[in-house]
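Trainee: I would like a close look at a single part of this model. Please take it slowly.

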Amino acid sequence: MKRLHIALSTDKVEETVQDYSARLNCKPCAHVSGEYALWRTDSLNLSIRNDSKCKPGTLRHLGWEDPNATAFTQDKDVNGIVWERFNAKQQAEEINNAWSNASYQVD
(Lines give C-alpha, C1' and ligand atoms only; values in the text may rest on other atoms or scores of the structure.)
Protein backbone atom coordinates (compact mmCIF):
# COMPACT_ATOMS: atom_id res chain seq x y z
CA MET A 1 0.00 0.00 0.00
CA LYS A 2 1.27 3.47 -0.85
CA ARG A 3 1.64 5.97 1.95
CA LEU A 4 1.40 9.70 1.29
CA HIS A 5 4.69 11.34 2.26
CA ILE A 6 4.69 14.86 3.69
CA ALA A 7 8.00 16.48 4.64
CA LEU A 8 7.94 19.64 6.74
CA SER A 9 10.63 22.02 7.94
CA THR A 10 10.82 23.05 11.60
CA ASP A 11 13.27 24.69 13.97
CA LYS A 12 11.37 23.19 16.94
CA VAL A 13 12.00 19.49 16.47
CA GLU A 14 11.40 18.34 20.04
CA GLU A 15 8.22 20.41 20.45
CA THR A 16 6.98 19.17 17.08
CA VAL A 17 7.68 15.55 18.06
CA GLN A 18 5.49 15.99 21.15
CA ASP A 19 2.72 17.78 19.22
CA TYR A 20 2.60 15.42 16.22
CA SER A 21 2.91 12.30 18.37
CA ALA A 22 -0.26 13.40 20.16
CA ARG A 23 -2.00 14.28 16.87
CA LEU A 24 -1.09 10.95 15.25
CA ASN A 25 -1.50 8.94 18.47
CA CYS A 26 1.91 7.32 18.00
CA LYS A 27 5.58 8.06 18.56
CA PRO A 28 7.98 8.56 15.67
CA CYS A 29 9.65 5.43 14.33
CA ALA A 30 12.85 7.43 13.75
CA HIS A 31 14.03 10.39 15.81
CA VAL A 32 17.34 12.26 15.72
CA SER A 33 17.22 14.78 18.57
CA GLY A 34 17.08 18.37 17.36
CA GLU A 35 17.33 17.29 13.70
CA TYR A 36 14.69 14.90 12.37
CA ALA A 37 11.68 12.68 13.07
CA LEU A 38 9.59 10.26 11.00
CA TRP A 39 6.15 8.79 11.61
CA ARG A 40 4.77 5.93 9.53
CA THR A 41 1.09 5.11 9.92
CA ASP A 42 -1.10 2.89 7.75
CA SER A 43 -1.71 5.73 5.30
CA LEU A 44 0.86 8.44 6.09
CA ASN A 45 4.64 8.88 6.04
CA LEU A 46 5.34 12.20 7.79
CA SER A 47 8.78 13.64 8.40
CA ILE A 48 10.01 16.81 10.04
CA ARG A 49 13.49 18.18 9.68
CA ASN A 50 15.51 21.10 10.93
CA ASP A 51 16.49 22.29 7.44
CA SER A 52 18.39 25.57 7.08
CA LYS A 53 17.40 25.68 3.38
CA CYS A 54 13.67 25.92 4.22
CA LYS A 55 11.76 28.40 6.34
CA PRO A 56 10.45 26.74 9.54
CA GLY A 57 6.81 25.68 9.26
CA THR A 58 6.92 25.18 5.50
CA LEU A 59 6.53 22.24 3.18
CA ARG A 60 9.85 20.69 2.12
CA HIS A 61 8.31 18.24 -0.36
CA LEU A 62 5.58 15.65 -0.92
CA GLY A 63 5.74 12.14 -2.22
CA TRP A 64 4.83 8.48 -1.99
CA GLU A 65 6.28 5.68 0.04
CA ASP A 66 5.63 2.92 -2.47
CA PRO A 67 6.69 -0.69 -1.82
CA ASN A 68 6.98 -1.15 -5.60
CA ALA A 69 9.49 1.69 -6.07
CA THR A 70 12.74 0.30 -7.43
CA ALA A 71 14.67 3.56 -7.10
CA PHE A 72 14.46 6.82 -5.19
CA THR A 73 13.00 9.32 -7.69
CA GLN A 74 12.10 12.98 -7.58
CA ASP A 75 10.23 15.33 -9.90
CA LYS A 76 8.28 18.60 -9.73
CA ASP A 77 4.58 19.08 -10.29
CA VAL A 78 2.97 21.95 -12.22
CA ASN A 79 3.15 24.11 -9.06
CA GLY A 80 6.88 23.58 -8.58
CA ILE A 81 6.40 21.24 -5.60
CA VAL A 82 8.96 18.46 -5.39
CA TRP A 83 7.47 14.94 -5.26
CA GLU A 84 9.57 11.95 -4.23
CA ARG A 85 8.87 8.25 -4.71
CA PHE A 86 10.71 5.63 -2.68
CA ASN A 87 10.27 2.42 -0.73
CA ALA A 88 10.69 2.15 3.03
CA LYS A 89 14.15 0.59 2.79
CA GLN A 90 15.38 3.39 0.53
CA GLN A 91 14.11 5.98 3.00
CA ALA A 92 15.83 4.17 5.89
CA GLU A 93 19.10 4.24 3.96
CA GLU A 94 18.69 7.97 3.32
CA ILE A 95 18.04 8.62 7.03
CA ASN A 96 21.03 6.54 8.13
CA ASN A 97 23.29 8.21 5.55
CA ALA A 98 22.27 11.68 6.76
CA TRP A 99 22.64 10.83 10.47
CA SER A 100 25.03 8.01 11.31
CA ASN A 101 23.62 7.85 14.85
CA ALA A 102 20.04 7.28 13.62
CA SER A 103 20.35 3.48 13.28
CA TYR A 104 16.87 3.41 11.77
CA GLN A 105 15.57 0.02 10.64
CA VAL A 106 12.29 -0.55 8.83
CA ASP A 107 9.81 -2.77 10.69
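Where does Ser-103 lie?

Mentor: This is a predicted model, and Ser-103 is found in the segment after H2. The phi angle of Ser-103 is near 50°, which is a positive value in a residue other than glycine. Ser-103 counts as exposed because its relative accessibility is 56% and exposed means over 50%.

Asn-25 sits in the loop that runs between helix H1 (13-24) and strand S2 (30-32). With a relative accessibility of 71%, Asn-25 is exposed.

Back to H2, the helix that comes before the segment of Ser-103. H2 spans residues 88-98 and is one of the elements that supply at least two residues of the lining of the largest pocket. H2 gives the most to that lining, with 4 residues. At least two residues each also come from strand S1 (3-9), strand S4 (44-49), strand S5 (59-65) and strand S7 (82-86).

The largest pocket holds about 180 Å³ of space. It is lined by 15 residues, and those closest to its centre are Tyr-36, Arg-49, Arg-60, His-61 and Glu-94. By type, the lining has 7 nonpolar, 4 polar and 4 charged residues.

One more exposed residue is Lys-76, with a relative accessible area of 61%. Lys-76 belongs to strand S6 (residues 73-76). Beyond its neighbours within four places in sequence, Lys-76 is in contact with Ile-81 and Val-82.

Definitions and conventions. Residues are numbered from 1 along each chain as its sequence is written. This is a predicted model: local features need pLDDT of at least 70, side-chain atom pairs count only at pLDDT 80 or more; totals for chains, interfaces and linings use all residues. Side-chain values use heavy atoms; hydrogens and water are left out. On a 1 Å grid over the protein atoms alone, a cavity is a set of points where a 1.4 Å probe fits but cannot get out, and a pocket is an open set with protein on both sides within 12 Å along at least five of seven lines; lining residues have an atom within 4 Å of a point. Grid points are joined across faces, edges and corners, and a volume is the space filled by probe spheres set on the points. Ala, Val, Leu, Ile, Met, Phe, Trp, Tyr, Cys and Pro count as nonpolar, Asp, Glu, Lys and Arg as charged, and the others, Gly among them, as polar. Buried means under 20% relative accessible area, exposed over 50%, partly exposed in between (1.4 Å probe, protein chains only). Contact means heavy atoms within 4.5 Å.
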